[in-house]
Amino acid sequence: AFATESFFDGRNVMTYDLPHVEIRLTPPMQRKLHEFTMGIVGETMEIHVGGRCVSQPRLQEPLGDQPAFHISIYDFADAQALAETLRTGWRPVKVVV
(Lines give C-alpha, C1' and ligand atoms only; values in the text may rest on other atoms or scores of the structure.)
Protein backbone atom coordinates (compact mmCIF):
# COMPACT_ATOMS: atom_id res chain seq x y z
CA ALA A 1 0.00 0.00 0.00
CA PHE A 2 1.03 3.60 -0.39
CA ALA A 3 0.66 6.61 1.89
CA THR A 4 0.45 10.13 0.47
CA GLU A 5 3.01 12.52 1.93
CA SER A 6 3.16 16.28 1.34
CA PHE A 7 5.79 18.92 2.08
CA PHE A 8 6.43 22.55 1.22
CA ASP A 9 9.65 23.14 -0.74
CA GLY A 10 9.65 26.91 -0.23
CA ARG A 11 7.59 27.62 -3.34
CA ASN A 12 5.14 24.76 -3.83
CA VAL A 13 3.45 21.97 -1.94
CA MET A 14 4.91 18.70 -3.19
CA THR A 15 2.85 15.51 -2.84
CA TYR A 16 4.13 11.99 -3.43
CA ASP A 17 3.28 8.42 -2.51
CA LEU A 18 5.38 6.39 -0.08
CA PRO A 19 5.05 2.65 0.36
CA HIS A 20 3.87 1.77 3.86
CA VAL A 21 3.11 -1.21 6.05
CA GLU A 22 -0.12 -1.22 8.03
CA ILE A 23 0.07 -2.55 11.59
CA ARG A 24 -3.30 -3.68 13.02
CA LEU A 25 -3.71 -3.83 16.79
CA THR A 26 -6.02 -5.70 19.14
CA PRO A 27 -8.05 -3.46 21.50
CA PRO A 28 -5.86 -4.36 24.54
CA MET A 29 -2.71 -3.54 22.55
CA GLN A 30 -4.28 -0.27 21.35
CA ARG A 31 -4.78 0.79 24.98
CA LYS A 32 -1.23 -0.18 25.97
CA LEU A 33 0.30 1.61 22.99
CA HIS A 34 -1.81 4.70 23.68
CA GLU A 35 -0.75 4.80 27.35
CA PHE A 36 2.91 4.36 26.39
CA THR A 37 2.96 6.95 23.61
CA MET A 38 1.01 9.60 25.57
CA GLY A 39 4.17 10.24 27.57
CA ILE A 40 6.49 10.64 24.59
CA VAL A 41 4.56 12.94 22.23
CA GLY A 42 7.04 15.26 20.51
CA GLU A 43 9.89 12.78 20.89
CA THR A 44 11.41 10.41 18.36
CA MET A 45 10.44 6.77 18.85
CA GLU A 46 12.42 3.89 17.37
CA ILE A 47 10.37 0.99 15.99
CA HIS A 48 12.36 -2.25 16.00
CA VAL A 49 11.38 -5.46 14.21
CA GLY A 50 13.59 -8.52 14.31
CA GLY A 51 16.33 -6.63 16.16
CA ARG A 52 16.54 -3.93 13.46
CA CYS A 53 15.28 -0.35 13.61
CA VAL A 54 12.76 0.01 10.77
CA SER A 55 11.47 3.50 11.50
CA GLN A 56 12.17 6.52 13.70
CA PRO A 57 9.03 8.67 13.65
CA ARG A 58 8.61 11.83 15.71
CA LEU A 59 5.31 11.33 17.49
CA GLN A 60 2.87 14.14 16.75
CA GLU A 61 0.12 12.50 18.82
CA PRO A 62 -0.32 9.29 20.82
CA LEU A 63 -0.70 6.08 18.84
CA GLY A 64 -3.49 3.63 19.61
CA ASP A 65 -6.54 5.81 19.01
CA GLN A 66 -7.16 3.83 15.83
CA PRO A 67 -7.05 0.04 15.33
CA ALA A 68 -4.09 0.43 12.92
CA PHE A 69 -1.10 2.64 12.18
CA HIS A 70 1.27 2.86 9.22
CA ILE A 71 5.04 2.69 8.94
CA SER A 72 6.06 4.62 5.81
CA ILE A 73 9.23 3.44 4.11
CA TYR A 74 10.96 5.10 1.15
CA ASP A 75 11.79 1.88 -0.70
CA PHE A 76 9.03 -0.50 -1.86
CA ALA A 77 11.28 -3.59 -1.55
CA ASP A 78 12.06 -2.65 2.07
CA ALA A 79 8.33 -2.23 2.78
CA GLN A 80 7.65 -5.68 1.30
CA ALA A 81 10.47 -7.22 3.37
CA LEU A 82 9.12 -5.63 6.56
CA ALA A 83 5.59 -6.88 5.83
CA GLU A 84 6.95 -10.37 5.22
CA THR A 85 8.89 -10.30 8.50
CA LEU A 86 5.78 -9.19 10.40
CA ARG A 87 3.66 -11.92 8.79
CA THR A 88 5.98 -14.63 10.18
CA GLY A 89 4.59 -14.00 13.66
CA TRP A 90 5.47 -12.20 16.84
CA ARG A 91 7.80 -13.18 19.61
CA PRO A 92 7.72 -11.67 23.11
CA VAL A 93 9.51 -8.33 23.04
CA LYS A 94 11.11 -6.21 25.72
CA VAL A 95 9.95 -2.58 25.73
CA VAL A 96 12.76 -0.16 26.60
CA VAL A 97 11.86 3.42 27.48
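**Reading the chain**

A: Start with the surface. The chain exposes about 7400 Å², and carbon and sulfur atoms supply 52% of that area. Accessible areas come from the Shrake-Rupley method with a 1.4 Å probe; for residues, only the protein chains shown count as cover. This is a predicted model, where local features need pLDDT of at least 70, side-chain atom pairs count only at pLDDT 80 or more, and totals for chains, interfaces and linings use all residues. Residues are numbered from 1 along each chain as its sequence is written, and side-chain values use heavy atoms, with hydrogens and water left out.

Q: How many helices and strands are in the chain?

A: Helices (H or I, at least four residues) and strands (E, at least two) are DSSP runs, numbered from the N terminus. This chain has two helices and five strands. Read from the N terminus, the order is β-β-α-β-β-β-α.

Q: What percentage of the residues count as buried?

A: Buried means under 20% relative accessible area, exposed means over 50%, and partly exposed lies in between (1.4 Å probe, protein chains only). Here 27% of the 97 residues count as buried.

Q: Which residues of the largest nonpolar core touch the most other members?

A: A nonpolar core is a set of buried Ala, Val, Leu, Ile, Met, Phe, Trp, Tyr and Cys residues joined through side-chain atoms within 4.5 Å. The largest one here has 18 residues, and Val21, Ile23, Phe69, Ile71 and Leu82 touch the most other members. At least two core residues come from each of β2 (13–24), β3 (47–49), β5 (68–72) and α2 (76–87). Helix α2 gives the most, with four residues.

Q: What does Val21 touch?

A: Contact means heavy atoms within 4.5 Å. Leave out residues up to four places away in sequence, and Val21 touches Phe69, His70, Ile71, Ala79, Leu82, Ala83 and Leu86.

Q: What share of the contacts joins residues 24 or more positions apart?

A: Take the contacts in the chain with a separation of 6 or more. Residues 24 or more positions apart account for 49% of them. Ala83, in helix α2, and His20 are 63 residues apart along the chain, yet their C-alpha atoms are separated by 9.0 Å. Ala83 is buried, at 14% relative accessibility. Pro19 sits in strand β2. Its C-alpha is 9.0 Å from that of Asp78, 59 residues away in sequence. Pro19 is buried too, with a relative accessible area of 4%.

Q: Is Glu84 buried or exposed?

A: Glu84 is in helix α2. It counts as exposed, at 55% relative accessibility.

Q: How many salt bridges does a search of the whole structure find?

A: Side chains of opposite charge can pair when their charged atoms come close. A salt bridge is a side-chain nitrogen of Lys or Arg within 4 Å of a carboxyl oxygen of Asp or Glu. The search finds one. It joins Glu22 and Arg24, whose closest N and O atoms are 3.0 Å apart. Glu22 is partly exposed, at 40% relative accessible area. Arg24 is exposed, at 58%.

Q: What does the side chain of Gln30 reach?

A: A polar contact is a pair of N or O atoms within 3.5 Å; within protein, one must be able to donate a hydrogen and the other to accept it, and residues adjacent in sequence count only if both atoms are side-chain atoms. Gln30 lies in helix α1, and its side chain reaches the backbone oxygen of Gly64 at 3.2 Å. Gln30 is buried, at 14% relative accessibility. Thr37 is also in helix α1, residues 27–38. A polar atom of the Thr37 side chain lies 2.8 Å from the backbone nitrogen of Leu63. Thr37 is buried, at 0% relative accessibility.

Q: In which sense do β3 and β4 pair?

A: Two strands pair if DSSP finds at least two bridges between them. Strands β3 and β4 (residues 52–55) pair in the antiparallel sense over three bridges. Val49 has Arg52 in β4 as its bridge partner. The two strands form a hairpin with two residues between them, and Gly50 in the turn has a positive phi of about 60°.
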